Amino acid sequence: MDPSIVNYDPAMDEEVAVLLNEAWARLRAMRNIYVKESPWPMVDSGLLARWREQGRLSADGTFIAQAADGSKAAIFSVSAGDEGRGTLHFFGAHPGHSGHGHGSRTLAVAEEYLRSRGMRQVVTERVDSRCPIVNGFLRKSGFEVPDLDQQSIIMLMGPQGRVVRPVTLPDDGYRIATWDDDYLDDWVSIRNIAFEESTDATLFLEHFRNRKDFDPEAWFFVQHRDRPVGIAGALERRNPDGSHRGGQVEWVAVLPEYRGKGLGEALAATVLNRFVQRDVKPVALITQSFRHAAVTMYEKLGFRTIAQLLHYRKNL
Ligand SMILES: CC(C)(COP(=O)(O)OP(=O)(O)OC[C@H]1O[C@@H](n2cnc3c(N)ncnc32)[C@H](O)[C@@H]1OP(=O)(O)O)[C@@H](O)C(=O)NCCC(=O)NCCS
């Protein structure tokens, strides 16, 4: 292995935190559009310990380039996965050491490690399309985004969308209801049918229901004669100091046989009204380009696409 590249060791945590915080400062300077976790959080030893538990950081899969003076110049963290596909979790290069090829050499070592573990392909975690340096580096290094339509996009509500809207439902037995634990199975079933998935309640329980800040008044159903036929959530997140971090429109879906009647728009309007009334901003959502009905609906309501979240791929 290139002698200037070493494996990560928890004893390096302090230097790794400095390296990542310096490397990501430019990215953090972009407009923050992340209501949930930022892809570039402030790194400290507590966060690095969490990443170790999650397998995002490890002694064998995380590689660090050291400059001639011994300081840490670049970091790449990968892990081997199933079906010959590894993951590039995160990477960064210290701006003070740019232009010396540290990034390319460290990536090459990480790729060699994945090959030695039988991996035939490496896929990145989501990469924000707004940063030309990061995206340019990946493309120059042989990474591609093969199915652009399947990738996620972040849409943001513009100021013109911050109005209270009428919520209009067809008049034969439709109404909006808020969360009740008895509806958990209906929520899972509507989500699975609408998004063509087959998962259980774990996602909802772990990410929403079992959190201390779960608010049943923020999760909506549209019911037809007491049967839930559509869902939507108005997720709010706060900063540690209690200030609003923003709102995210979550899991808007209508059963296929009930589409085209204005129910999706009524649900989305209910969510947006709640954000406006509670003065929550920014208001964001994540969807995928191929969901044309959803993207058209959100554009009609005042959302604009701000960034793509790209999973780059490279054959090894
Ligand atoms: C997106 C979805 C919720 C829309 O629900 P819906 O009840 O059929 O939508 P509505 O009848 O309220 O239509 C509202 C607007 O959405 C857009 N829209 C709805 N269906 C559309 C379609 N098939 N093609 C293009 N635009 C469409 C239109 O702008 C429409 O307004 P208009 O009637 O004035 O033209 C529904 O298609 C769905 O559940 N899709 C699968 C899950 C999904 O993609 N969820 C969003 C991901 S975050």
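# Notebook: strands, cores and a ligand shell

I began with strand 4 (residues 85–93) and strand 5, which run parallel and are joined by 4 bridges. Two strands count as paired if DSSP finds at least two bridges between them. Helices (H or I, at least four residues) and strands (E, at least two) are DSSP runs, numbered from the N terminus. I noted that the chain goes from strand 4 through helix 3 (residues 102–116) to strand 5, a right-handed β-α-β crossover. Right-handed here means that, with the strands pointing away from the viewer, the path from the first strand over the helix to the second runs clockwise.

**Ground rules.** This is a predicted model: local features need pLDDT of at least 70, side-chain atom pairs count only at pLDDT 80 or more, and totals for chains, interfaces and linings use all residues. Residues are numbered from 1 along each chain as its sequence is written.

**Strand 5, continued.** I looked up the partner of Thr 87 in strand 5 and found Val 123. On its other pairing, strand 5 is joined by 3 bridges to strand 14 (residues 313–315), and these two run antiparallel. There Gln 121 has Asn 315 of strand 14 as its bridge partner. Next I checked which way the side chains of strand 5 (residues 121–124) point. Val 122 and Thr 124 point to one face and are buried. My burial cut-offs: buried is 20 or more other C-beta atoms within 10 Å of the residue's own, exposed is 12 or fewer, partly exposed is in between, with C-beta atoms placed from the backbone. In a regular strand the side chains alternate between the two faces of the sheet.

**Whole chain.** I counted 8 helices and 14 strands in the protein chain. The C-alpha trace spans about 75 × 40 × 35 Å along its principal axes. Of the 316 residues, 31% are buried. Among contacts between residues at least 6 apart in sequence, 71% join residues at least 24 apart. A contact means C-beta atoms, placed from the backbone, within 7 Å.

I traced an open sheet of 8 strands in the order 6-13-7-12-11-10-9-8, with mixed pairing. Strand 6 (127–128) and strand 8 (174–178) are at the edges with a single partner strand each, so one side of each has no neighbour in the sheet. Leu 235 stands opposite Gln 248 in strand 11.

**Cores.** The largest nonpolar core has 42 residues. I define such a core as buried Ala, Val, Leu, Ile, Met, Phe, Trp, Tyr and Cys residues joined through C-beta atoms within 7 Å. Met 155, Ala 232, Val 249, Leu 267 and Val 271 have the most contacts inside this core. Helix 7 gives the most to this core, with 7 residues. I also listed the contacts of Met 155, leaving out residues up to four places away in sequence. They are Ala 284, Leu 285, Thr 287, Tyr 298, Phe 303, Arg 304, Thr 305 and Ile 306. A second, separate core has 26 residues, including Val 16, Leu 48, Ala 110 and Leu 114.

**Ligand shell.** I found 20 residues around the ligand, the closest being Arg 259, Gly 264, Glu 265, Ala 293 and Met 297. The cut-off is a C-beta atom, placed from the backbone, within 6 Å of the molecule. Helix 5 (184–195), strand 11 (244–254), helix 7 (263–277) and helix 8 (292–300) each supply at least two shell residues. Helix 8 has the largest share, 6 residues. By class I get 9 nonpolar, 6 polar and 5 charged. Nonpolar is Ala, Val, Leu, Ile, Met, Phe, Trp, Tyr, Cys and Pro; charged is Asp, Glu, Lys and Arg; the others, Gly among them, are polar.

The peptide bond from Lys 281 to Pro 282 is cis, with omega near 0°. Pro 282 lies in the loop between helix 7 and strand 12. Glu 196 is not a glycine, yet has a positive phi of about 50°. I placed Glu 196 in the loop between helix 5 and helix 6. Glu 196 counts as exposed because it has 6 C-beta neighbours inside 10 Å. Arg 225, also not a glycine, has a positive phi near 50°. Arg 225 sits in the loop between strand 9 and strand 10. With 9 C-beta neighbours inside 10 Å, Arg 225 counts as exposed.

Technical notes. Contact = placed C-beta atoms within 7 Å.
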